[in-house]
Amino acid sequence: MGVTVMVGVVFIIIGLFDILSIFKEVDENTWVRLGHLLLGLLYLIVGIFVCVNLAASATYLFLLVGIFVGITWLVEGFVELGTVRLAVSKGWTIFSAVLSIVAGIILLMTPLYGAVMLWTLLGAILVVLGIFKVAHYLAWQK
């Protein structure tokens with residue numbers, strides 16, 4: 001349940017920052033701002049849901065993360081397509097947007113398997129970071 005609370009709080013914080021970002025960027029068109037608003041509200045709603053109903057959220061955390069990340073990647077891909085005209089590297093922006101949309105669709109088709117893969121990737125990243133931190137600490141001790 002502790003991990004579930006942390007995930008919920010992080011979703012709420014990300015949602016608030018996404019919503020506040022629509023007031024900061026004045027060069028973005030209406031569709032991009034609408035996408036950021038939609039994404040922020042989505043983060044906020046899921047974060048509140050996770051924190052309010054901890055028992056259900058803890059039970060279905062893998063499935064919830066898989067579905068939510070899939071929707072997020074899908075929306076972010078379309079938002080990124082809306083910012084192509086403002087991008088310095090249009091080719092990379094389009095590539096990133098299409099990759100995000102395809103990954104979002106795949107994750108929505110298999111949310112549980114995708115969530116397991118995401119958690120595995122997160123675990124591997126944390127192990128690698130932990131090894132680097134230990135190596136850094138040992139080097140610092142000398």
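Author: The secondary structure of the protein chain consists of 6 helices and 0 strands, where helices (H or I, at least four residues) and strands (E, at least two) are DSSP runs, numbered from the N terminus. Read from the N terminus, the order of elements is α-α-α-α-α-α. The C-alpha trace spans about 50 × 45 × 30 Å along its principal axes.

This is a predicted model, in which local features need pLDDT of at least 70 and side-chain atom pairs count only at pLDDT 80 or more, while totals for chains, interfaces and linings use all residues. Residues are numbered from 1 along each chain as its sequence is written, and side-chain values use heavy atoms, with hydrogens and water left out.

The largest pocket has a volume of about 380 Å³. On a 1 Å grid over the protein atoms alone, a pocket is an open set of points where a 1.4 Å probe fits, with protein on both sides within 12 Å along at least five of seven lines; lining residues have an atom within 4 Å of a point. Grid points are joined across faces, edges and corners, and the volume is the space filled by probe spheres set on the points. The lining of this pocket comprises 16 residues, of which Phe11, Val65, Val69, Trp119 and Leu122 are the closest to its centre. Two or more lining residues come from each of helix H1 (2-24), helix H4 (61-82) and helix H6 (111-141). H4 provides the largest share, 6 residues. By class, the lining divides into 14 nonpolar, 1 polar and 1 charged; Ala, Val, Leu, Ile, Met, Phe, Trp, Tyr, Cys and Pro count as nonpolar, Asp, Glu, Lys and Arg as charged, and the others, Gly among them, as polar.

Phe11 also takes part in an aromatic pair. The structure holds 4 such pairs, defined for rings of Phe, Tyr and Trp (its six-membered ring) with centres within 6.5 Å; planes under 30 degrees apart count as stacked, over 60 as edge-to-face and the rest as tilted. The ring centres of Phe11 and Phe68 lie 4.6 Å apart with planes at 50 degrees, so this pair is tilted. The pair links distant parts of the chain, since Phe11 belongs to helix H1 and Phe68 to helix H4, 57 residues apart.

The axes of H1 and helix H2 (residues 30-52) come within 7 Å and cross at roughly 155 degrees, with axes fitted to C-alpha atoms over the stretch in contact and angles running from 0 to 180 degrees between N-to-C directions. H1 and H2 are therefore roughly antiparallel, a label for angles over 145 degrees. Their contact has 17 nonpolar, 7 polar and 2 charged residues. The axes of H4 and helix H5 (residues 90-109) likewise come within 7 Å and cross at roughly 155 degrees.

Technical notes
Angles under 35 degrees count as roughly parallel, over 145 as roughly antiparallel, 65 to 115 as roughly perpendicular and the rest as oblique.
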